[in-house]
Amino acid sequence: MLIGISPLISPELLKVLAEMGHGEEIVFADAHFPAYTYNTKVLRLDGVKIPDLLTGVLPLFMLDSYDPSPLMMMAAVSRDSLDEDVQNKYLKSIQSVYPDAPEIKHIERFAFYERTTKAYAVVVTGETAKYGNIILKKGVTPIV
């Protein structure tokens, strides 16, 4: 345990977050996501819900201020719909750290998978919400 670090953040996740450079992306995936198909660096946080993970990670993680959409979620496939409560819960967690955070951009399913192949890592969580995956793009970490 460390002071100021959420106990939800494993040592492996803390290492990954520190290794990431600006402009790199990390995927927080729901429990249904085919993570191992789309990325070789997969971490597991089974039982952890994504809103809680966002609240724990974002105090340590700058969102990319040069990208108008550093937050991305998967859009619903045709003849399907998104549960707005999922995004609203994520936004509540994000805005608890970044009150002026940009809106979450929705990208097509296979575009989301393609971004996942290029992401620095995928964190598989215990999130069970349909379309509960989110990509965060890291910004430049200020020196304080």
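**Exercise 1. Locate Tyr131, describe its phi, and decide whether it is buried or exposed.**

Solution. Tyr131 lies in the loop between S5 and S6, where helices (H or I, at least four residues) and strands (E, at least two) are DSSP runs numbered from the N terminus. Its phi is near 60 degrees, a positive value in a residue other than glycine. The relative accessible area of Tyr131 is 11%, so this residue is buried; buried means under 20% relative accessible area, exposed over 50%, and partly exposed in between (1.4 Å probe, protein chains only).

The model is predicted: local features need pLDDT of at least 70, side-chain atom pairs count only at pLDDT 80 or more, and totals for chains, interfaces and linings use all residues. Residues are numbered from 1 along each chain as its sequence is written, and side-chain values use heavy atoms, with hydrogens and water left out.

**Exercise 2. Carry out the analysis for Arg79.**

Solution. Arg79 is placed in the loop between strand S3 (71-74) and H4. Although Arg79 is not a glycine, its phi is positive, at about 65 degrees. With a relative accessible area of 84%, Arg79 is exposed.

**Exercise 3. Describe the packing of H3 against H4.**

Solution. Two packed helices are described by the angle between their axes and the distance between the axes. For H3 (residues 50-57) and H4 (residues 84-97), the angle is about 10 degrees and the axes are 9 Å apart. Axes are lines fitted to C-alpha atoms, for helices over the stretch in contact, and angles run from 0 to 180 degrees between N-to-C directions. H3 and H4 are therefore roughly parallel, a term for angles under 35 degrees.

Next, identify the residues that meet (contact means heavy atoms within 4.5 Å). Ile50, Pro51, Leu54 and Thr55 of H3 meet Lys89, Tyr90, Ser93, Ile94, Ser96 and Val97 of H4. These contact residues comprise six nonpolar, three polar and one charged.

Finally, consider burial. Six of the eight residues of H3 are buried, namely Ile50, Pro51, Leu53, Leu54, Gly56 and Val57. Besides H4, the elements they pack against include helix H1 (11-19) and strand S2 (42-45).

**Exercise 4. Characterise the surroundings of Glu25.**

Solution. Glu25 belongs to strand S1 (residues 25-29). At 9% relative accessibility, Glu25 counts as buried. Its side chain makes a polar contact with the side chain of Arg115 at 2.5 Å. Leaving aside neighbours within four places in sequence, Glu25 is in contact with residues including Met20, Met72, Tyr120 and Lys137.

How values were computed. Parallel < 35°, antiparallel > 145°, perpendicular 65-115°, else oblique. Nonpolar A, V, L, I, M, F, W, Y, C, P; charged D, E, K, R; others polar. Polar contact = N/O pair within 3.5 Å; in protein donor to acceptor, adjacent residues only side chain to side chain.
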